[in-house]
Amino acid sequence: MPAPERLSLNTATVRPQWNLAQCVDGCLRHGIGGIAPWRDKVHEIGLKQAARVIGGSGLAVSGLCRGGMFTAQGALTDGVLEDNRRAVDEAVAIGAACLVMVVGGLPEGSKDIAAARAIVTDGLAKTLDYARTVQMPIAIEPLHPMYAADRACVNTLGQALDICDELGDGIGVAADVYHIWWDPDLAAQIRRAGKRRLLAFHICDWLVPTTDLLLDRGMMGDGVIDIAGIRAMVEAEGFDGLNEVEIFSAGNWWKREADEVLATMVTRGRTAS
Ligand code: ZN
């Protein structure tokens, strides 16, 4: 039952409604303790202004979304690596707790998911080399396997933790209940991650039925995920970061007044998380 100050607003939750400054004001109005911008919201008002608005607010920054997409060009290119270094710099500038990585899926025309995963590990290693120099933790977000082709070929906590073990310090996972709730190995992998690797915790709900693979996430309490149960697991490992609410919802929450969305977030944070 996180109190509002233990919640963080991922800007995707009100993506069509508010810009970053409005998101910050909204968090302050509703007593929400943190924010997690997507880079589009940062770029929209400019990095300097974003850092100023967030820095002046007193809000914690539970993460910056997102770096990654290492497979986008088929092979790992300088352009992709440069963009990831820029994402690291942006995360530093806004004081983010971590840079969240959505690693990328299969390159266009490829059926070789093992090769895609090798590209991803290479891209993460090179980005981590840079991130370590500026002390920015890298958080791999494993995505539900339905996104393996087009968004992320890292699909379980176990797989993400294998990469972390290979790469060493400065890298961990973003545990998003939407992506990991179904995993029979979930409890064991959260224990394996421990406080050191648990860098972010994202919450929303899985609706039944789900009508869109990407844009039909539910508000906490409207679906089937045992959010409180998973939260208890990460907290048992010592995770003390915020509960970041990330809801892509084209048909419902994106159509509502953003203040209603945040008010509901706060209520459901107390009753359904
Ligand atoms: Zn997430």
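Where is the place of valine 224? I looked this up in a predicted model. Valine 224 sits in the loop between β8 (198-203) and α9 (227-236).

I read nine strands in an open sheet with parallel pairing, in the order β3-β2-β1-β9-β8-β7-β6-β5-β4. The edges are β3 (60-61) and β4 (64-68); each has a single partner strand, so one side of each lacks a neighbour in the sheet.

I followed β1 (7-10) in some detail. It runs parallel to β9 and is joined to it by three bridges; serine 8 has glutamate 244 as its bridge partner there. Three bridges also join β1 to β2, again in parallel, and asparagine 10 stands opposite alanine 36 in β2.

Which way do the side chains of β1 point? I noted Leu7 and Leu9 pointing one way and Ser8 and Asn10 the other, all of them buried. In a regular strand, side chains alternate between the two faces of the sheet.

Last, the helices over β1. Helix α1 (residues 20-30) lies across β1 and β2 (34-36), at about 155 degrees to β2. Helix α10 (residues 258-272) lies across β1 and β9 (243-245), at about 145 degrees to β1.

Conventions: Residues are numbered from 1 along each chain as its sequence is written. This is a predicted model: local features need pLDDT of at least 70, side-chain atom pairs count only at pLDDT 80 or more; totals for chains, interfaces and linings use all residues. Side-chain values use heavy atoms; hydrogens and water are left out. Helices (H or I, at least four residues) and strands (E, at least two) are DSSP runs, numbered from the N terminus. Two strands pair if DSSP finds at least two bridges between them. Contact means heavy atoms within 4.5 Å. Axes are lines fitted to C-alpha atoms, for helices over the stretch in contact, and angles run from 0 to 180 degrees between N-to-C directions. Buried means under 20% relative accessible area, exposed over 50%, partly exposed in between (1.4 Å probe, protein chains only).
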